[in-house]
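I opened a new page for this structure. My notes below follow the order in which I looked things up.

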There are 2 protein chains.
Amino acid sequence: MHTASERSVPTHRTFTSLAGVSGETCLREVFGKQPVRQLGAGKPLFVEGEEATHVFQVGQGTLRVFKIISDGRRVITGFLYPGDIIGLSVGQRYLYSAEAISTATVREMTRPEFDSAVTDNPRLQPEFFALVSDEMAAAQDQMVLLSCKNAEERICSFLLKFLKRCSLPGERRRQIELPMCRQDIADYLGLTIETVSRTFTRLINKGVVSIENGALRHTIMIERPTLMAKLAGDGNEVDSWDDQSMTGHHAGH
Amino acid sequence: MHTASERSVPTHRTFTSLAGVSGETCLREVFGKQPVRQLGAGKPLFVEGEEATHVFQVGQGTLRVFKIISDGRRVITGFLYPGDIIGLSVGQRYLYSAEAISTATVREMTRPEFDSAVTDNPRLQPEFFALVSDEMAAAQDQMVLLSCKNAEERICSFLLKFLKRCSLPGERRRQIELPMCRQDIADYLGLTIETVSRTFTRLINKGVVSIENGALRHTIMIERPTLMAKLAGDGNEVDSWDDQSMTGHHAGH
DNA sequence: CGATTCATTGAGAGGCTTCAATCAGCGTGG
DNA sequence: CCACGCTGATTGAAGCCTCTCAATGAATCG
């Protein structure tokens, strides 16, 4: 399981381009010898408001990052995949909770250790900044999504982002294995679970995706990537896939 | 005009608590001797995608930070007030556009200058991190707002945040002078201008706020702060104002 | 005083949510 | 092995909130 996650371990973020340098000049590597913690499915890594003692790097699995608001609802602000670093957000306390979706492993490091690792090694700083900057950019994209996009655009954007994340550069995957359940997707996209489900159905009927019937229907096949990119509504920031070459069995819209 | 902005110049952010130290240990002060640029109302400071050459600090006035999405709509991701620093987001290019709402002044500094100022002076680093962290926290709050809140909650949250921003610690302002127009508020809160207007009207009818009829109706009087905090739906993170002591001329809901 | 700009109000439509029922896998125990 | 129950996903119907389109109102400026 989690083919996607496993593949994405080595390289899937801009800052890894800095990893060419030798030694401990890569932020990821400072976690190399840190103790590993196992997390069962659904188990919390830390909880919003707790004292922020550690910084973590995801080893295997996927985590969800979320806040619980006053009426009990949950807002997922992001997902964490292998290699991702979490707990950076400075300040005394964690700004959000993080928990494993499926079984996961993380390497942990105390905050002071991490801080001095970064400040001591000036070559790590640009990478650190890039990390924070990426997080900020992601947050802004999410604001755009939540401000303007309808359900279909949200789902397509989400799938597309996931697809990019677990594709190696140049590779064109068609199939993705979503580690998270529909409720997670709903809480991430600011929709209800029913709307997520209905939107998937609509996308299937349009021939944009197909969903493998096994398990919990977490295996998604992107049948028409270009069309999906169009439906995501991000303008033309998409390197157009080959779409027409597909065995198109779509039911028209 | 812009009473609110003027008042908020000296202290209105958490990190200013670090400003007690002497010399150039305050991030704001590194801008002290930088050249000042004047910006007419509506004029851009920089545009999304431009090469990010400078970092800025707002002197007077208010700026809006926004993205234009593919269909031409605008998403405002935040507002900048006197003292705020902008352009931090690392990377080659600006992630968003920034322009003056009303006439504004900014001090500018080249990126390399700023970077070395921060890296050279270790005492500035925690403040710099706090700044970024604040920005991140604000982005997450915004995601919660856009994910879950209805129009009334959004407007109340917005007004409350603005109220806090331009209140000195301990002070309890009741009147705020919004520098931005309804369209700005709409684009910030993920609503249409009509919904913003209708929601204001509803809040007036409930006796929560009153709006001075002059000018462009940018002067808002918070009549029942506690009720407004309740309507903002942020749970009980509000230090309850005195509400009942007011001359309550509300029309019932 | 008309023209312009921004804000407000109204009516109708549409998309998403809510509540509820059904479906599909999968594990368990008889 | 199959019935049962459990969990998560899908589907349906109705209602509400917000958007869209359009008109009106209020204030400023030439």
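**Around the DNA strands**

I began with DNA strand C and found 21 residues around it, the closest being A:Asn150, A:Thr195, B:Cys181, B:Ser197 and B:Thr201. I counted a residue as near a strand if its C-beta atom, placed from the backbone, lies within 6 Å of it. Two or more residues of this surface come from each of α6 (193–205) of chain A and α5 (182–189) and α6 (193–205) of chain B. α6(B) gives the most, with six residues. Helices (H or I, at least four residues) and strands (E, at least two) are DSSP runs, numbered from the N terminus.

Before going on, I noted that this is a predicted model, in which local features need pLDDT of at least 70, side-chain atom pairs count only at pLDDT 80 or more, and totals for chains, interfaces and linings use all residues. Residues are numbered from 1 along each chain as its sequence is written, while chains are lettered from A and ligands numbered from 1 in the order in which they are written.

By class, I listed eight nonpolar, eight polar and five charged residues near DNA strand C. Here Ala, Val, Leu, Ile, Met, Phe, Trp, Tyr, Cys and Pro count as nonpolar, Asp, Glu, Lys and Arg as charged, and the others, Gly among them, as polar.

I then turned to DNA strand D, which 21 residues surround; A:Cys181, A:Ser197, A:Thr201, B:Asn150 and B:Thr195 are the closest.

How is chain A superposed on chain B? A rotation of 180° with 0.0 Å of shift along its axis does it, at RMSD 0.0 Å. The two copies are thus related as by a two-fold rotation axis.

I looked next at the contact, which takes 31 residues from chain A and 31 residues from chain B. Two residues are in contact if their C-beta atoms, placed from the backbone, lie within 7 Å. On the side of chain A, α3(A) gives the most, with 15 residues. Of the interface residues of chain A, 97% are also interface residues in chain B, so the copies meet through the same surface.

**Inside chain A**

In chain A, 18 residues of domain 1 are in contact with 13 residues of domain 2. α1(A) gives the most to the domain 1 side, with five residues.

Note on methods: Least-squares fit on C-alpha atoms with pLDDT ≥ 70 in both.
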